[in-house]
Amino acid sequence: MSQHHLRRAENVVGFHKPAQTHAGAHALNLVHQAADVLSGIEEQARQSQRRAVAAERAHQELLINADRKLLDASRALEEAQKRIEALQNRVTAFECRAQAAEAEAHSAKQALALVEEAIRRRLLFTHDDMNGQMNAVA
């Protein structure tokens with residue numbers, strides 16, 4: 001039995017030694033794999049951060065451009081409002097001139113009608129006077 005026990009002890013000891021050496025290599029391999037995974041995660045994080053920074057810059061540029069366009073549109077609107085106001089003032093001035101011209105034309109028509117009436121009276125009076133003078137001579 002003692003030999004059997006010795007053999008068994010040798011087998012056990014012999015079995016455990018290679019397993020420990022293999023386990024150390026396996027553990028070292030796992031550490032390297034974990035380091036590789038962590039490196040990959042860190043690289044992904046750096047890439048994500050770079051994309052986030054780029055997206056933030058692009059967003060800021062969009063906001064700046066939108067603000068610039070809004071300011072340009074606001075200026076254009078103000079300019080258009082000024083033009084409209086100036087045109088409205090011109091229209092009002094034209095309307096006043098038109099009313100003055102209409103009043104002047106009306107006055108001129110009345111004056112012309114008075115002149116025409118005076119000419120008719122004079123012609124009729126002169127014509128009647130001639131008839132009267134001719135009747136008197138006859």
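The following exercises, each with a worked solution, concern a predicted model of one protein chain.

Residues are numbered from 1 along each chain as its sequence is written. In this predicted model, local features need pLDDT of at least 70 and side-chain atom pairs count only at pLDDT 80 or more, while totals for chains, interfaces and linings use all residues; side-chain values use heavy atoms, without hydrogens and water.

**Exercise 1. Determine the confidence of the model and where caution applies**.

Step 1. The pLDDT, the predictor's confidence in each residue from 0 to 100, averages 85 over the protein chain, and 75% of the residues score at least 70.
Step 2. Over residues 12-16 the pLDDT is below 50. Beyond near neighbours in sequence, this stretch has zero contacts (heavy atoms within 4.5 Å).
Step 3. Where pLDDT is low, the predicted coordinates should not be read in detail.

**Exercise 2. Describe the secondary structure and the burial of the chain**.

Step 1. Helices (H or I, at least four residues) and strands (E, at least two) are DSSP runs, numbered from the N terminus. The chain has one helix and zero strands.
Step 2. Buried means under 20% relative accessible area, exposed over 50%, and partly exposed in between (1.4 Å probe, protein chains only). Of the 138 residues, 0% are buried.
Step 3. The accessible surface (Shrake-Rupley method, 1.4 Å probe; for residues, only the protein chains shown count as cover) comes to about 12,900 Å², with 61% belonging to carbon and sulfur atoms.

**Exercise 3. Trace the salt bridges that involve glutamate 43**.

Step 1. A salt bridge requires a side-chain nitrogen of Lys or Arg within 4 Å of a carboxyl oxygen of Asp or Glu; the structure holds five.
Step 2. Glutamate 43 pairs with arginine 46, their closest N and O atoms being 2.9 Å apart. Because these two residues are three apart in helix α1, about one helical turn separates them.
Step 3. Glutamate 43 also meets arginine 50, at 3.3 Å from N to O.
Step 4. Glutamate 43 counts as partly exposed at 29% relative accessibility, as do arginine 46 at 39% and arginine 50 at 47%.

**Exercise 4. Characterise the salt bridge between glutamate 117 and arginine 121**.

Step 1. Their side chains meet at 3.4 Å, N to O.
Step 2. Both residues lie in helix α1, four residues apart, about one turn of the helix.
Step 3. Glutamate 117 is partly exposed, with a relative accessible area of 34%, whereas arginine 121 is exposed, at 58%.
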